[in-house]
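Subject: Structure handover and notes

Dear colleague,

I am passing on the structure below, together with some notes on what turned up in it. Please read the notes with the coordinates open beside you.

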Amino acid sequence: MSKSIVIYFSRAGENYAVGDIDKGNTEVIAEMIQELTDADLFKVEPKTPYSHNYKKCCDEALIEQKNNARPELLNYLDSIDDYDEIYIGSPIYWGTMPQSMFTQLEKLDFSNKSIKVFTTHEGSGLGNVIKDVQNLCIGSTITNTLAIKGTNVYKARKQVQKFVK
């Protein structure tokens, strides 16, 4: 029996298009995937969280990206050996995933894994995430992708259903 996990980053707080949110857009999609597939969830959380303020968060993310930072995480996923299918999800910050996703993904062995990538955004689509995931997840195969506008996450169930099949 095939086993799946969703590895994702999501941030609540002030949001570009919808104001203050209690649950990050990517987390909404991650939970939909879990509900549809019975996948395990692993939320990537930096030890030093991003600012609640949207502009400050963007500034922090840009500095991390320019410095090619690898922020320390609260918890690390040590292995994905028990999983056949890996979902990787994040918002788009400056064209790609937040640097904390790089921190986590670099620590895992993706050999012979099937990966499905999803992003939430307000106009960037998948950005450079596919290229970055290919570079980070050596030996894996990306089998499907999905980009959802953050303002549409609560209306995206049909898209997510199609994505997980």
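Strand β1 (residues 4-8) is mostly covered, five of its five residues being buried, where buried means under 20% relative accessible area, exposed means over 50% and partly exposed lies in between, computed with a 1.4 Å probe on protein chains only. Helices (H or I, at least four residues) and strands (E, at least two) are DSSP runs numbered from the N terminus. This is a predicted model, in which local features need pLDDT of at least 70 and side-chain atom pairs count only at pLDDT 80 or more, while totals for chains, interfaces and linings use all residues. Residues are numbered from 1 along each chain as its sequence is written, and side-chain values use heavy atoms, with hydrogens and water left out.

Within β1, the side chains of S4, V6 and Y8 point one way and those of I5 and I7 the other way, and all of them are buried. β1 pairs with β5 in the parallel sense over five bridges, two strands being paired if DSSP finds at least two bridges between them, and in this pairing I5 stands opposite I86. β1 also pairs with strand β4 (residues 40-43), again in the parallel sense, over four bridges, and here V6 stands opposite L41.

Turning to charged pairs, a search of the whole structure finds eight salt bridges, each defined as a side-chain nitrogen of Lys or Arg within 4 Å of a carboxyl oxygen of Asp or Glu. One of them joins K23 and E31 at 2.6 Å, N to O; K23 counts as partly exposed because its relative accessibility is 31%, and E31 likewise at 28%. Another joins R70 and E106 at 2.8 Å, N to O, and this pair links distant parts of the chain, with R70 in the loop between α2 (54-66) and β5 (85-91) and E106 in the loop between α3 (99-105) and β6 (114-121), 36 residues apart. In K131 and D132, the closest N and O atoms are 3.8 Å apart; K131 is partly exposed at 47%, whereas D132 counts as buried because its relative accessibility is 12%.

Finally, T151 lies in the loop between β7 (141-149) and α5 (157-164) and is partly exposed at 33% relative accessibility. Leaving aside neighbours within four places in sequence, T151 is in contact with A17, V18 and E122, contact meaning heavy atoms within 4.5 Å.

Best regards
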